[in-house]
Amino acid sequence: MSASRTARERARAELIREIKAVARRQLAEAGATGLSLRAVARELGMVSSAVYRYFPSRDDLLTALIIEAYDDIGEAVERTDAALPREDLIGRWLACCRAIRDWALAHPHEYALIHGTPVPGYAAPEETVIPASRNGRALAGILRDAEAAGVLAPPTDLPPAPASFAEDAARLREHIFPPVSDDVILRALIAWTWVYGAVSFELFGMYRDVITDRAAAFDHGVLCMARMVGLPLPDGERPANG
């Protein structure tokens, strides 16, 4: 590879970073619907046609920001999980869920982009699917380790998954989940949904004047979700009735 080509590639990568940095500022100021390639070009002191060479449309730039956000939160969760002993199942579950909340609170506009109000007229392309699934795969990995260790014990006093979920469960087993029951898979999806719902409620102000210690309430909910899917809780965290 020639030195001139390497220099051009570095310049291109730097300009792409600058474009995305300006676009993120626009997200903070005007939201995803206010994102404009012309405004990005104007702030960078470029003609709009130059920006279009890197991102042919607003949706292309939006997709790049969405993938970057998914990868960023995914890396935060995976890094957190990797730092803990594999046998500390509930510790990993709690830490991964906390990592999602911490990232969202530190990056509210990026979180709103991927988990907030859908952008009118925008349809996320297939290339966003794998980045979007990184957190789910991390949590599914904890269930996989629990199942392999023989300690996954989902409560039996909850309603079973509907029969209509069987086909979905089979597909999810192929791609994400370990060979566990339909009940565990559906409960894991419910737990995943709860985590993002709780984070969204906090981030978008719906807990204001409702919950003061939101971190403690979040941890409690995460432990409840862990028990629902069948992870073993520490003795001090188990309900008095079992």
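# Reading the terms in a predicted helical model

Author: Read along the sequence, the protein chain runs α-α-α-α-α-α-α-α-α-α-α, where helices (H or I, at least four residues) and strands (E, at least two) are DSSP runs numbered from the N terminus. This is a predicted model, in which local features need pLDDT of at least 70 and side-chain atom pairs count only at pLDDT 80 or more, while totals for chains, interfaces and linings use all residues. Residues are numbered from 1 along each chain as its sequence is written, and side-chain values use heavy atoms, with hydrogens and water left out.

Reader: How many helices and strands does the secondary structure of the protein chain come to?

Author: The secondary structure comes to eleven helices and zero strands.

Reader: Why do M206 and D209 get the labels they do?

Author: M206, with a relative accessible area of 47%, is partly exposed, whereas D209, with 80%, is exposed. M206 lies in the loop between α10 (182-203) and α11 (214-229), and D209 lies in the loop between α10 and α11. D209 also has a positive phi of about 65 degrees although it is not a glycine.

Reader: What makes E78 and R134 a salt bridge?

Author: A salt bridge is a side-chain nitrogen of Lys or Arg within 4 Å of a carboxyl oxygen of Asp or Glu. In the pair E78 and R134 the closest N and O atoms are 2.6 Å apart, and the two form a salt bridge. E78 lies in helix α4 and R134 in helix α8 (residues 134-149), so the pair ties together parts that are 56 residues apart in sequence. At 33% relative accessibility E78 counts as partly exposed, while R134, with 17%, is buried.

Reader: How do you know that R92 and D81 form a salt bridge, and are the two residues buried or exposed?

Author: The closest N and O atoms of R92 and D81 are 2.7 Å apart, and the pair forms a salt bridge. R92 lies in helix α5 (residues 89-106) and D81 in helix α4, so the pair ties together parts that are eleven residues apart in sequence. R92 has a relative accessible area of 1% and is buried, and D81, with 9%, is buried.

Reader: What makes α9 and α10 roughly perpendicular?

Author: Axes are lines fitted to C-alpha atoms, for helices over the stretch in contact, and angles run from 0 to 180 degrees between N-to-C directions. The axes of helix α9 (residues 166-175) and α10 come within 10 Å and cross at roughly 80 degrees. That makes α9 roughly perpendicular to α10, since angles under 35 degrees count as roughly parallel, over 145 as roughly antiparallel, 65 to 115 as roughly perpendicular and the rest as oblique. At this crossing, A166, A169, L172 and R173 in α9 meet D182, I185 and L189 in α10.

How values were computed:
Buried means under 20% relative accessible area, exposed over 50%, partly exposed in between (1.4 Å probe, protein chains only). Contact means heavy atoms within 4.5 Å.
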